[in-house]
Amino acid sequence: MRLIPFALLMLCGAVQAAPEAVSLEQAGVLYEQHCQSCHGANRLGGAGPALLPESLSRIKPDEARAVIHNGRPASQMAAFGDRLNPAQIDALVSYLYQPAATPPTWSDADIRASHRILTDVDTLPNTPQHNADPLNLFVVVEAGNHHVRVLDGDRFEELANFQSHFALHGGPKFSPDGRFVYFASRDGWISVYDLHNLTMIAEVRAGLNTRNLAVSNDGRWVLVGNYLPGNLVLLDARDLSLVKHIPTLGADGTQSRVSAVYTAPPRDSFVVALKDVKEAWEISYAGKPDFQPRRIEAADFLDDFSFTPDYRYLLATSRKALGGQVIDLDTGKAVTDIPLPGMPHLGSGIYWKRGGNWVFATPNVSKGLISVLDLQSWKLIKEIPTEGPGFFMRSHLNSPYAWTDVFFGPNNDAVHLIDKQTLEVAHTLRPMPGKNAAHVEFTNDGRYALLSVWDTDGALIVYDAKTLKEIKRIPMNKPSGKYNVGNKIEYAEGTSH
């Protein structure tokens with residue numbers, strides 16, 4: 001028998017011995033030593049983002065471990081793999097996903113203290129200081145490195161590239177003239193950027209965990225919907241100064257988070273879905289508004305919604321429900337239930353004319369099918385099978401196809417093009433086999449379609465929307481979404497709002 005030297009045995013034992021378990025209390029001390037200076041004493045954020053369970057809900061613990069160990073490129077997040085052993089990193093991750101011992105609060109005073117004017121907008125030219133078509137600009141959210149890129153939609157060349165707050169969420173929104181774009185980050189930071197002058201104007205932290213924001217169609221107001229604290233925050237659209245916060249209390253006094261907030265331009269109002277009470281709210285901003293909500297009773301908790309083209313009806317669903325409901329915003333009454341199996345993502349649903357009638361189509365995040373509804377009868381026309389559950393749909397008035405991804409599951413590298421008249425899958429593209437393809441947006445004229453490949457070594461891919469020929473491929477780090485100014489401010493057919 002071959003003998004192994006004693007010293008080598010000792011070395012092997014040292015390597016194989018598992019590090020001692022680290023308690024949550026000890027992890028709290030590690031946080032104070034290594035994290036607090038950037039992420040705040042109460043994990044509310046500072047130079048770095050908030051590290052609360054609500055803020056980390058879309059980040060898997062394994063990803064958090066990797067970030068702590070390796071750091072995050074193109075950011076201030078350093079690598080701690082040389083200072084913390086695996087057991088310490090595991091304990092620190094567990095600590096971050098634990099609710100805070102004292103429930104965090106964010107008051108009007110906190111909002112005002114966070115407000116920063118970065119550029120005096122009155123000193124800037126009010127016409128575009130670049131040669132690109134202002135209605136054919138794209139705002140691209142590059143999630144992998146928390147940056148935003150502004151692209152010329154005619155030449156597909158970059159005009160600006162700047163760092164954003166952590167994890168932009170809910171899609172940027174634009175002022176009615178397309179000059180300003182408003183961003184909301186998951187940990188509550190709201191920013192306004194001037195697309196004419198390619199410069200940031202102001203920012204404010206409106207909450208600790210934010211769902212999304214909406215901009216009034218008169219360009220005066222920004223309404224922010226928060227999960228934490230559960231409320232609405234109204235800001236002056238010009239400089240993001242606080243106007244008021246609106247508590248989201250149900251008619252019975254139950255505190256609620258906000259599922260979503262959108263503007264309904266023909267109604268001069270915001271429409272709000274509440275997550276924890278069975279109500280939708282309409283808040284008018286016409287004239288001299290008092291911003292008092294009009295309560296609309298719902299048959300279920302609302303998690304997602306969309307509008308009909310005339311904005312009279314609200315199509316709403318709960319992710320826990322086996323269907324949805326149609327609410328008449330004029331009368332405030334539920335009209336009918338609608339058959340939507342799975343978990344429809346109505347916020348990404350789109351409508352178009354088919355045979356002279358409006359139809360509405362929505363992906364489902366738990367089933368591989370697209371549900372198509374007749375907007376006159378509210379009947380389900382067809383369920384279109386796909387290669388897996390999807391998240392985003394897009395089209396354009398000038399396109400014969402509705403583009404939908406297969407965001408979840410093993411076939412997430414596929415994108416289906418559905419013929420809008422036959423309701424059949426006409427083409428399936430696989431832009432980068434093995435990598436997640438998602439979120440299409442069209443140029444303002446519909447000539448080109450831009451598609452994201454959500455991968456660290458991903459890309460923004462430009463297609464000729466008619467021939468489906470690839471025109472250009474721009475390398476990017478998880479380009480999570482791109483938004484065309486003209487399509488958004490015109491509430492164009494085929495673009496979610």
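Leaving aside its neighbours within four places in sequence, which residues is Leu213 in contact with? In this predicted model, local features need pLDDT of at least 70 and side-chain atom pairs count only at pLDDT 80 or more, while totals for chains, interfaces and linings use all residues. Residues are numbered from 1 along each chain as its sequence is written, and side-chain values use heavy atoms, with hydrogens and water left out.

With those sequence neighbours set aside, Leu213 is in contact (heavy atoms within 4.5 Å) with Lys173, Tyr182, Phe183, Ala184, Ile190, Val222, Leu223, Val224 and Val261. Leu213 also belongs to the largest nonpolar core, a set of 25 residues in which Tyr182, Ile190, Leu213, Val222, Val224, Leu235 and Leu240 have the most contacts. Such a core is made of buried Ala, Val, Leu, Ile, Met, Phe, Trp, Tyr and Cys residues joined through side-chain atoms within 4.5 Å. At least two residues of this core come from each of β6 (180-184), β7 (189-194), β8 (199-205), β9 (209-215), β10 and β11 (231-236). Strands here are DSSP runs of E with at least two residues, helices are runs of H or I with at least four, and both are numbered from the N terminus. A second, separate core has 17 residues, among them Val415, Leu429, Val440 and Leu451.

Strand β10 (residues 221-228) also holds Asn226. At 0% relative accessibility, Asn226 counts as buried (buried means under 20% relative accessible area, exposed over 50%, partly exposed in between, with a 1.4 Å probe and protein chains only). The Asn226 side chain makes a polar contact of 2.7 Å with that of Thr210. A polar contact is a pair of N or O atoms within 3.5 Å; within protein, one must be able to donate a hydrogen and the other to accept it, and residues adjacent in sequence count only if both atoms are side-chain atoms.

Moving on to the sheets, four strands form an open antiparallel sheet in the order β29-β30-β31-β32, where pairing requires at least two bridges found by DSSP. Because β29 (437-442) and β32 (470-476) each have a single partner strand, one side of each of these edge strands is left without a neighbour in the sheet. Five antiparallel bridges link β29 to β30 (residues 448-453), with Ala437 opposite Val453. Also in β29 is His439, which has a positive phi near 55° despite not being a glycine and is buried, with a relative accessible area of 2%.

Phe156 likewise takes a positive phi near 55°. Phe156 lies in the loop between β3 (147-152) and β4 (157-163) and is buried at 5% relative accessibility. Elsewhere, β23 (residues 369-374) and β24 (residues 380-385) pair in the antiparallel sense over five bridges, with Ser371 facing Glu383. Their hairpin has five residues between the strands, and Trp378 takes a positive phi near 65° there.

As for the helices, α4 (residues 61-70) has Ala64, Val67 and Ile68 buried. Its buried residues fall within an arc of 95° seen down the axis, so they line one face of the helix; the arc is that of the directions from the helix axis to the C-beta atoms. Asp62 and Asn70 are exposed on the other side of α4. Cover for the buried residues of α4 includes α5 (86-96), and just after α4, Gly71 takes a positive phi of about 80°.
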